[in-house]
Amino acid sequence: QVQLVESGGGLVQAGGTLTLSCVVSGRTISRDVMGWFRQAPGKEREFVAGINWNGLNTDYVDSVKGRFIISRDNAKNMVYLQMNSLKPEDTAVYYCAVDTLNINRIRTTPDYDYWGQGTQVTVSS
């Protein structure tokens, strides 16, 4: 019954900006860690960014630090990923995920409990 729906993907040129949105239904995420993962063709799923329950703790993969910003709005049951200065190597399907494990840390492995359908991000050179 829990559903995650990502939106905001598309085709942009290198250096451009996209903001992804994820809305969750069927579960209140106010106490959950939320994460963004991505998967490019021929590669394994990769952690991109995570955010704890109140938004005060975030984590990013090194390759996106300083360029991407994860945020959340618990009142709207949503999480966002603002992607700035996009590079061709950012091209991937991006997935929103919910971690229901009741621990106070952001996991960077794909051990999350609920996943969205993914949204395609393509960055041209």
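Me: Which residues line the largest pocket?
Reply: Please note that this is a predicted model. The lining of the largest pocket consists of Arg38, Gln39, Ala40, Lys43, Glu44, Glu46, Glu89, Thr91 and Ala92.

Me: How many of the lining residues are charged?
Reply: Five are charged, and the lining also has two polar and two nonpolar residues.

Me: And what volume does the largest pocket have?
Reply: The largest pocket holds about 160 Å³ of space.

Me: Turning to strand E9, is it buried or exposed?
Reply: Strand E9 covers residues 92-99, and eight of its eight residues are buried, so the strand is largely enclosed by the rest of the structure.

Me: How many bridges join E4 to E9?
Reply: Seven bridges join them, and the two strands run antiparallel; E4 spans residues 33-39. Within this pairing, Gln39 is placed opposite Val93 of E9. Gln39 is also one of the residues lining the largest pocket.

Me: What about E9 and E11: parallel or antiparallel?
Reply: E9 and E11 (residues 119-124) are antiparallel, with three bridges between them. Here Tyr94 faces Thr119 in E11.

Me: And which residue of E10 is the bridge partner of Ala97?
Reply: The partner of Ala97 is Trp115. E10 comprises residues 114-115 and is joined to E9 by two bridges, again in an antiparallel arrangement.

Me: A change of topic: in what order do the strands of the four-stranded open sheet come?
Reply: The order is E1-E3-E8-E7, with antiparallel pairing. Strand E1 (3-7) and strand E7 (68-73) are at the edges; each has a single partner strand, so one side of each lacks a neighbour in the sheet. On average, neighbouring strands of this sheet are turned by 15 degrees against each other, direction ignored.

Me: How many bridges are there between E1 and E3?
Reply: There are five, and the strands run antiparallel; E3 covers residues 18-25. One of the bridge pairs is Gln3 with Ser25 in E3.

Me: Staying with E3, is Ser21 buried or exposed?
Reply: Ser21, which lies in strand E3, has a relative accessibility of 16% and therefore counts as buried, the cut-off being under 20%.

Me: What does Ser21 touch?
Reply: Leaving aside residues up to four places away in sequence, Ser21 is in contact with Val5, Glu6, Ser7, Trp36, Met78, Val79 and Tyr80.

Note on methods:
Residues numbered from 1 in each chain as written. Predicted model: local features only at pLDDT ≥ 70, side-chain atom pairs only at ≥ 80, totals over all residues. Heavy atoms only, no water. 1 Å grid on protein atoms, 1.4 Å probe; cavity = no way out; pocket = protein on both sides within 12 Å on 5 of 7 lines; lining within 4 Å. Points joined across faces, edges and corners; volume = space filled by probe spheres on them. Nonpolar A, V, L, I, M, F, W, Y, C, P; charged D, E, K, R; others polar. Buried < 20%, exposed > 50% of the residue type's maximum accessible area, 1.4 Å probe, protein only. Pairing = 2+ DSSP bridges. Axes fitted to C-alpha atoms, helices over the stretch in contact; angles between N-to-C directions. Contact = heavy atoms within 4.5 Å.
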